Amino acid sequence: MIVGVPTETKSDEYRVAMLPSGVEDLTAAGHRVLLQAGAGLGSGIEDAEYAACGAELVDSAADVWGEAELIVKVKEPQPSEWSRMRPGQIVFTYYHLAADRELTEAVRDTGATAVAYETLRGRNGDLPLLTPMSEVAGRMSVQQGAKFLERPQEGRGILLGGVPGVPPAYIVILGGGVVGKNAAKIAAGFGAEVRVLDVNADTMRRLGDVMPPNVITVHSDRHNVRAEVLKADLVIGAVLIPGAAAPKLVTREDVAAMKPGAVVVDVCIDQGGCFETSRPTSHAEPTYVVDGVVHYCVTNMPGAVGRTSTFALCNVTFPYVRRIASLGLAGACAAEPGLREAVNCHGGAITYRPVAETFGLPFVELSF
């Protein structure tokens with residue numbers, strides 16, 4: 001199979017979808033790998049490293065998209081890439097379609113097969129290709145929140161850990177999954193006072209067993225969400241409904257009642273965000289202010305730490321890339337049933353039900 005790795009075109013995206021070791025593995029198995037020159041530079045990987053492992057370096061994205069049967073990316077196809085997608089081509093990347101109807105319809109209409117990292121199910125029912133980036137984003141959320149709580153960034157001027165005689169920051173984390181757990185771990189390390197809200201009692205028990213005393217779990221309901229958000233210096237949105245739009249847990253009225261200079265970090269902005277006031281931002285312009293509350297809603301947070309994120313991502317995506325290249329998508333789905341759930345669009349139709357239901361669009365059962 002011909003596998004293509006284009007340079008990412010999303011603003012301030014520094015990750016790359018394949019490591020030199022992956023190229024070596026594929027070429028040794030008889031596949032061709034076309035890599036756009038410079039694709040790995042944002043992650044500190046030189047073209048020569050790829051070439052030494054058997055990659056064919058090409059100058060333009062058009063060359064990669066035009067010849068490759070399987071495109072491996074990191075972020076959703078950008079508008080400039082939609083016209084390059086074609087029927088029969090497999091494009092394996094993050095999509096987060098439920099947050100963007102225009103993208104959903106554009107990808108569907110290309111006729112290409114959209115295989116989404118974020119909805120692929122592991123053998124234990126987990127989301128193995130989403131997990132490492134959720135770990136990165138969860139840890140980064142506290143790092144970014146700490147920065148934007150500083151007064152020059154329009155924040156409250158709060159030090160997360162406080163100092164003797166001055167209380168630490170009050171941090172509220174909405175969701176105790178992978179993002180929430182990692183955010184809580186970092187926030188606890190700073191010495192902040194941390195509240196994690198979740199609806200799952202087992203999740204809260206597990207967090208209670210492993211977290212230090214400054215992390216307290218709270219059952220998530222409308223009353224508790226509002227009460228905790230109004231006390232917060234920093235609120236981190238970390239809820240997930242796989243493949244579907246995130247629920248709006250914090251209303252505009254809640255935001256208006258928050259402390260002036262409080263900070264919101266909406267990690268689930270890729271799925272539409274869990275604050276009614278959230279809208280996507282970029283690393284170039286990461287924040288905006290609504291009713292005195294600083295909003296950080298960058299849609300590709302892990303892209304800022306490209307080297308860490310690239311290695312973490314490729315470690316988990318490559319086995320599936322290799323399987324698709326070797327067996328074809330139908331054969332790979334037969335060998336790995338959870339891969340079927342990653343096929344969001346195929347043959348000009350939406351084949352992942354939560355995406356279709358989000359926009360009221362027709363759903364078609366996947367068949368090869």
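Modeller: Phe 92 and Tyr 117 are both buried. The model is predicted, with local features needing pLDDT of at least 70 and side-chain atom pairs pLDDT 80 or more, while totals for chains, interfaces and linings use all residues. Residues are numbered from 1 along each chain as its sequence is written, and side-chain values use heavy atoms, without hydrogens or water.

Biologist: Why is Tyr 117 called buried?

Modeller: Buried means under 20% relative accessible area (exposed is over 50%, partly exposed in between; 1.4 Å probe, protein chains only). Tyr 117 has 0%, so it counts as buried. Tyr 94, at 3%, is buried too.

Biologist: How many aromatic pairs are there, and what makes Phe 92 and Tyr 117 edge-to-face?

Modeller: There are 3. Phe 92 and Tyr 117 are 4.7 Å apart centre to centre, with 75° between the planes. Rings of Phe, Tyr and Trp (its six-membered ring) pair with centres within 6.5 Å; planes under 30 degrees apart are stacked, over 60 edge-to-face, the rest tilted. Phe 92 lies in strand β5 and Tyr 117 in the loop between β6 and α6, so the pair ties together parts 25 residues apart in sequence. Helices (H or I, at least four residues) and strands (E, at least two) are DSSP runs numbered from the N terminus.

Biologist: What makes Tyr 94 and Tyr 117 edge-to-face?

Modeller: Their centres are 4.8 Å apart and their planes 90°, so the angle is over 60 degrees. Ring pairs link Phe 92, Tyr 94 and Tyr 117 into a cluster.

Biologist: How do you know that Arg 279 lies over Tyr 288?

Modeller: The criterion is NZ of Lys or CZ of Arg within 6 Å of the ring centre and within 35 degrees of the ring normal. Arg 279 lies over the face of Tyr 288, at 3.8 Å from the ring centre.
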